[in-house]
Amino acid sequence: GCRCRSPASELLRVVVVEGPSGLRLEPDPRRRSPGRGASLHLDLGCLDLAERRRAFGRALRVAAALDAGSVREYVAQRVSDAAPEVGTVPAPRPSQAGRNGMSTP
């Protein structure tokens, strides 16, 4: 969607599955489903951009409209699971610990 490169371990693989209502996109987090797959960041903005650009159809070589409902639910669930709880303060990253933002000559 966003066309940014990332390691495969940080991306969600998405595949096309044929269902009773037509073709739909399905998340493949274990990366085991057969066939062509497309990769996507676990970010709703990236998913929105991919849908607007019709990137799934091109990447998966499918001319028909694709329903991305199950992928949207999966990404939304993962994003809400990764979000910190309200009222908590995130711990500083190791690279930022002990830094005061000023450089010494």
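Trainee: Which strand and helices each supply at least two residues of the lining of the largest pocket?

Mentor: The model is a predicted one. Strand E3 (37-41), helix H1 (44-53) and helix H2 (55-60) each supply at least two residues of that lining. The largest pocket has a volume of about 320 Å³. It is lined by 18 residues, and the closest to its centre are Gly-1, Cys-2, Arg-3, Ser-39 and Leu-40. By class, this lining comprises ten nonpolar, four polar and four charged residues.

The second largest pocket has a volume of about 180 Å³. Among the 13 residues that line it, Glu-51, Arg-54, Gly-57, Ala-65 and Leu-66 are the closest to its centre. Here H1 and H2 each contribute at least two lining residues, and H2 gives the most, with four. The lining of the second largest pocket divides into nine nonpolar, one polar and three charged residues.

Helix H2 also holds Leu-60. With a relative accessible area of 6%, Leu-60 falls under the 20% cut-off and therefore counts as buried. Leaving aside neighbours within four places in sequence, Leu-60 is in contact with Val-14, Val-16, Leu-25, Arg-36, Gly-37, Ala-38 and Leu-66.

Methods. Residues numbered from 1 in each chain as written. Predicted model: local features only at pLDDT ≥ 70, side-chain atom pairs only at ≥ 80, totals over all residues. Heavy atoms only, no water. 1 Å grid on protein atoms, 1.4 Å probe; cavity = no way out; pocket = protein on both sides within 12 Å on 5 of 7 lines; lining within 4 Å. Points joined across faces, edges and corners; volume = space filled by probe spheres on them. Nonpolar A, V, L, I, M, F, W, Y, C, P; charged D, E, K, R; others polar. Buried < 20%, exposed > 50% of the residue type's maximum accessible area, 1.4 Å probe, protein only. Contact = heavy atoms within 4.5 Å.
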